[in-house]
Amino acid sequence: MPYKAGINELGEPALATEKTPLILSKSNAAGLTPLFRNTTGAIPGLQAYSDALDMNPITVKALTSLVGWLLGDLIAQVFISGGSIDYMRLATLCSFGFIFHGPSGHYFYYYLDEIIPGTDAVHVCSKVAVDQLAWCPVFMSVFFLYLGIVNGDSFATIGKKIKNDLFNACIGSWKVWPIAHLINFKYVPNKWRIPYINAVQIAFNIFLSLLGNKEA
């Protein structure tokens, strides 16, 4: 079995097999919170994904959001609505995740960290408030607008949809995201926020998928 040199606890030379887990270098680990340190090797492909986030953040976050919306709508259609899969609806929601959710989230959360730096209780709660009271209504309105345009609805119909469902969408968000974002803004490094949000949002996307495709 191949071996490579290492140093034991006494500072003496030691041997380690190739199966010895790799760890993050000091330069990579320095900017991570405890939740994200020493993860290399724990999840297959995690380091490659992390490197891709560094090299092509917008593209990778867009693709991550595409997958999040894909899973959310598939679950909604297969396990909740039942019946055959509406592939047009699925493609519409996936494209929304890719075109808007991932890229807009990238810029919004970097901007939020710039205007409200810090991870103490006051700063974290301030970020949650801005996210839910300012960004949430904008995001939901764009969501309904996008669905309406793709479906060929008139602006009058889209306006009616937003008027009827925007508040319900925000209420749904306020039941889920304040707690999720307390964790997000306290512990999650900025580059990992879109992946974290998509992990949480798979469940929330089920709600948005059903609400977004409800008749106006």
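User: What makes Asp113, Lys127 and Arg193 a network of salt bridges?

Analyst: Good place to start! In this predicted model, the side chains of Asp113 and Lys127 meet at 2.7 Å, N to O. The side chains of Arg193 and Asp113 also meet at 2.7 Å, N to O. A salt bridge needs a side-chain nitrogen of Lys or Arg within 4 Å of a carboxyl oxygen of Asp or Glu, so both pairs qualify. Asp113 takes part in each pair, and the three residues are therefore linked in a network.

User: Why are Asp113 and Lys127 called buried?

Analyst: Buried means under 20% relative accessible area. Asp113 has 19% and Lys127 has 2%, so both count as buried. Arg193 is buried as well.

User: How do you know that Lys191 forms a salt bridge with Asp54?

Analyst: Try the distance check again. The closest N and O atoms of Lys191 and Asp54 are 3.0 Å apart, and the cut-off is 4 Å, so the pair is a salt bridge. Lys191 lies in the loop between H6 and H7 and Asp54 in helix H2 (residues 46-55), so the pair ties together parts that are 137 residues apart in sequence. With a relative accessible area of 17%, Lys191 is under the 20% limit and so is buried. By this rule the protein has five salt bridges.

User: What makes up the lining of the largest cavity?

Analyst: This cavity has a volume of about 190 Å³. Of its 16 lining residues, the closest to the centre are His101, Tyr109, Trp135, Phe139 and Gln201. Helices H4, H5, H6 and H7 each supply at least two lining residues, and the largest share, six residues, comes from H5. By class, the lining has eight nonpolar, seven polar and one charged residues.

Key:
Residues are numbered from 1 along each chain as its sequence is written. This is a predicted model: local features need pLDDT of at least 70, side-chain atom pairs count only at pLDDT 80 or more; totals for chains, interfaces and linings use all residues. Side-chain values use heavy atoms; hydrogens and water are left out. On a 1 Å grid over the protein atoms alone, a cavity is a set of points where a 1.4 Å probe fits but cannot get out, and a pocket is an open set with protein on both sides within 12 Å along at least five of seven lines; lining residues have an atom within 4 Å of a point. Grid points are joined across faces, edges and corners, and a volume is the space filled by probe spheres set on the points. Helices (H or I, at least four residues) and strands (E, at least two) are DSSP runs, numbered from the N terminus. Ala, Val, Leu, Ile, Met, Phe, Trp, Tyr, Cys and Pro count as nonpolar, Asp, Glu, Lys and Arg as charged, and the others, Gly among them, as polar. Buried means under 20% relative accessible area, exposed over 50%, partly exposed in between (1.4 Å probe, protein chains only).
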